[in-house]
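Here is a two-chain model to go through by question and answer. The sequence and structure come first.

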Amino acid sequence: MEETRHKTLILILARELATNLATPVFVVDPEGTLVFYNEAAEGILGDPFDVVGQLTRDQWATMFSPEAPDGTPLQPEQLPLVRALKDHAPAHAQIRITGRDEVRRDIAVTAFPLLVGGEEFAGAVAIFWERGTAEGHRGPPGTRGPGGNETG
Amino acid sequence: MRIRVWGCRGSLASPGPETIRYGGNTSCVEVRLDDGTLIILDAGTGIRPLGLSLLPDPPPTIHLFLSHLHLDHLEGLGFFLPVWQPGADLHIWGPPSPVRTLEQRVARYFSPPLFPVHLSEIPAHPKFHDAPEAPVRIGSGTIISEPIAHRGPTVGWRISEDGRSLAYLTDHEPAQGVDLGSMSPEWISGYQVAQEADVLFHDAQYTAEEYLERQGWGHSSVDDMVTFARACRVGWPVMFHHDPLHTDDDLEKMQAHARALWQSDGGVGEGPKLAHEGMELDLS
């Protein structure tokens, strides 16, 4: 169900930053609800955010069938963004996902929490770099790391 | 509640023959609740004449709500007579910071070389409060605040009493990096404090052309102010934080443009009005 609760300024600013970046970005609120991903992320995930809409943590953590680089399925708790949400600390990993376009992609993910001060936690952000498709070819432009290099 | 504007200039006090009609003092607005409670919004240079107007019998308790700590919103505080009165019950509310307390940040202004007297030497010994995260009751009014998009910690304030409300967002750039007109309300900075307010005091510092060169400075164009006010369904937008380089004639051209936008978008009434020193509104 679409969440219409007013967003905190930190989430608003995170969304504005993401909107203007060519790097794929996820933004989640303190409960882990995916409240936004940018146009650059559409290349990895397969659909615009306006089509997908807001997703709960359990939905987004499983819908892209995350795997380790060796093909071992990953539990939600192993994903960097879930770890950043849970631990309130940065996390990084190289994983493989299957987008809604059915293409399997190797990506590097760095997630960090949005800590406002004191006990206030505003959510978390994940940035993605595509390292290549599992079939050995690159994804479309705009979904790679800076300069088109492999990053990890 | 009754409202009186003591300063509506942005950035820098700008007295002179070209700013006589709208005034040159920086941000300060007096709000009197129906039970007599005095609330002051910001401590720009307009707070100096406000302090004088309180003599000879200033109210026993004064609540000062700071939107943020840029100098044009704080520089008058040292010249506000009640701070020099021992025993004055002065409460200063302002945006929280993750790094320093409100008192520590205000103390940077109240210290040499910026000011000759230290905050600890101020006879009134103000009490400092972070802007509340939940509604608070002050006198006969209810106050809410919300962090808003500007440079550095900044809050918008909303004062409600008997079903009428004033929203105060004088330094605000909700359109930075986004198409404000296409955004859903829950993603608009300041929406929570401004939605369906009877009166909205809002940043309208720049023309659309000027804004193109000043994006990210924390202020709004007239066009974005109208878009924001329409999105928030406010009753009456008041253009605030006039640019120090804008003459009275410049401001009136901006008001005419704002009203044309307002009416072309289906707005009711005469539309946006320029704040001016001495402007009074009665929301009772």
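**Burial, contact and sheet**

Q: Which residues of H5(A) are buried?
A: This is a predicted model, in which local features need pLDDT of at least 70, side-chain atom pairs count only at pLDDT 80 or more, and totals for chains, interfaces and linings use all residues. Residues are numbered from 1 along each chain as its sequence is written, with chains lettered from A and ligands numbered from 1 in the order in which they are written. A residue is buried if 20 or more other C-beta atoms, placed from the backbone, lie within 10 Å of its own, exposed if 12 or fewer, and partly exposed in between. In H5(A) the buried residues are A:Pro80, A:Leu81, A:Val82, A:Arg83, A:Ala84 and A:Leu85.

Q: Which residue with a positive phi follows H5(A)?
A: Helices (H or I, at least four residues) and strands (E, at least two) are DSSP runs, numbered from the N terminus. Helix H5 of chain A spans residues 80-87 and is mostly covered. The residue after H5(A), with phi near 55 degrees, is A:His88.

Q: Is B:Val99 buried or exposed?
A: B:Val99 sits in the loop between strand S5 (89-94) and helix H2 (102-109) of chain B. Because B:Val99 has 9 other C-beta atoms within 10 Å, B:Val99 is exposed.

Q: Which element gives the most to the side of chain A that touches chain B?
A: Contact requires C-beta atoms, placed from the backbone, within 7 Å. By that criterion 13 residues come from chain A and 12 residues from chain B. Helix H1 (9-19) and strand S4 (104-117) of chain A each give two or more residues to the side that touches chain B. With six residues, the element that gives the most is H1(A).

Q: Which are the edge strands of the seven-stranded open sheet in chain B?
A: Two strands pair if DSSP finds at least two bridges between them. The sheet runs S6-S5-S4-S3-S2-S1-S14 with mixed pairing. Pairing on one side only marks the edge strands, S6 (127-130) and S14 (280-282) of chain B.

Q: What is the bridge partner of B:Arg4 in S2(B)?
A: Strands S1 (residues 2-7) and S2 (residues 28-32) of chain B pair in the antiparallel sense over five bridges. In S2(B), the partner of B:Arg4 is B:Glu30.

Q: Where in chain A is the pLDDT below 50?
A: pLDDT is the predictor's confidence in each residue, from 0 to 100. Chain A averages 83, with 83% of the residues at 70 or more. The pLDDT is below 50 over residues 137-152 of chain A.

Key. Two residues are in contact if their C-beta atoms, placed from the backbone, lie within 7 Å.
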